[in-house]
Amino acid sequence: MALLKVKFDQKKRVKLAQGLWLMNWLSVLAGIVLFSLGLFLKIELRKRSEVMNNSESHFVPNSLIGVGVLSCVFNSLAGKICYDALDPAKYAKWKPWLKPYLAVCVFFNVILFLVALCCFLLRGSLESTLAYGLKNGMKYYRDTDTPGRCFMKKTIDMLQIEFKCCGNNGFRDWFEIQWISNRYLDFSSKEVKDRIKSNVDGRYLVDGVPFSCCNPSSPRPCIQYQLTNNSAHYSYDHQTEELNLWLRGCRAALLNYYSSLMNSMGVVTLLVWLFEVGPQRAGEGSLPDLGLTW
């Protein structure tokens, strides 16, 4: 904050205005970076919106997009003011608005700092969103003939293949739901009837997993069914065997992926915040030279 009135000659005044003009336009580029990061994160979240419970997860990308747009607007305006400051006639129309403008910039930088913190602190909310969304997604895996859910099987399969994961917390989650559609069950079969009768909810539960849980790096052909039946497979013990399935749950895989993205974006946002503060402080210090006391 300037305490004493400082005088600049015309040459220094020109250099000051040019320096601030350059810094503000670099800040415009930083705003474009924030906007792009927010847009990228929003697209990544929308790709897997079927396995997310609510829209809370979009708070961070929406905030990044918003502060990116505002950063471009504010810094473009600041660049215009710096350019017009070289002409006394043009500068006169901006002079009454400088203090309110700087006050708004201070408020904007507080918001920008809070958005940066949110990038680091929303992991817990994201985890609960993924847990509930994945649970529902797995429950609807079999509904390939139900409008609105017919693509869920493909979504879950592609998710497990891409992130090398299986189930919500692990492959055993598939044991607790009926993931095979009734359309592909032979109800005249004794084995099918016995399994359905043995379940209080009348569901066909198996100790098996979808093909997308298979790890292609395993030298052994993939064992998808009867995973807990040692006698069903040669030289096999499900308690000691290193299964040829993805062992990590998809919740942990997605959480690590999105947390890594948001942490990186949080660091970038903090760097942009520090860079934004520079032109603002320089602008405050230059106010006395422009005939103001701040």
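Colleague: Which residue does aspartate 143 meet in a salt bridge?

Modeller: Arginine 142, with N to O at 3.9 Å. A salt bridge here is a side-chain nitrogen of Lys or Arg within 4 Å of a carboxyl oxygen of Asp or Glu. Bear in mind that this is a predicted model: local features need pLDDT of at least 70, side-chain atom pairs count only at pLDDT 80 or more, and totals for chains, interfaces and linings use all residues. Residues are numbered from 1 along each chain as its sequence is written, and side-chain values use heavy atoms, with hydrogens and water left out.

Colleague: Is aspartate 143 buried or exposed?

Modeller: Buried, at a relative accessible area of 15%. Buried means under 20% relative accessible area, exposed over 50%, and partly exposed in between (1.4 Å probe, protein chains only). Arginine 142 is partly exposed, at 26%.

Colleague: How many salt bridges are there in the whole structure?

Modeller: Nine, from a search of the whole structure. One of them joins the side chains of glutamate 44 and lysine 47, 2.9 Å from N to O.

Colleague: Where do glutamate 44 and lysine 47 lie?

Modeller: Both are in helix 1, residues 10-47. They are three residues apart, about one turn of the helix. Helices are DSSP runs (H or I, at least four residues), as are strands (E, at least two), numbered from the N terminus.

Colleague: And glutamate 44, buried or exposed?

Modeller: Glutamate 44 counts as buried, at 5% relative accessibility. Lysine 47 is partly exposed, at 48%.

Colleague: Which residue pairs with arginine 48?

Modeller: Glutamate 162, with the closest N and O atoms 3.1 Å apart. Glutamate 162 is in helix 6 (residues 152-163), while arginine 48 is in the loop between helix 1 and helix 2 (59-84), so the pair ties together parts 114 residues apart in sequence. Glutamate 162 is exposed, at 51%. Arginine 48 counts as buried, at 7%.

Colleague: Which residues are linked in a network of salt bridges?

Modeller: Glu44, Lys47, Arg48 and Glu162.

Colleague: New topic. Which residues does the "transmembrane region" annotation cover?

Modeller: The unreviewed UniProt entry gives 20-41, 101-122 and 255-275. Those positions use the numbering here, feature names are shortened, and annotations may be inferred rather than shown by experiment.

Colleague: What is the chain doing over residues 20-41?

Modeller: That span is 100% helix and 0% strand, with its end C-alpha atoms 31 Å apart. Residues 255-275 are also 100% helix and 0% strand, with end C-alpha atoms 30 Å apart.
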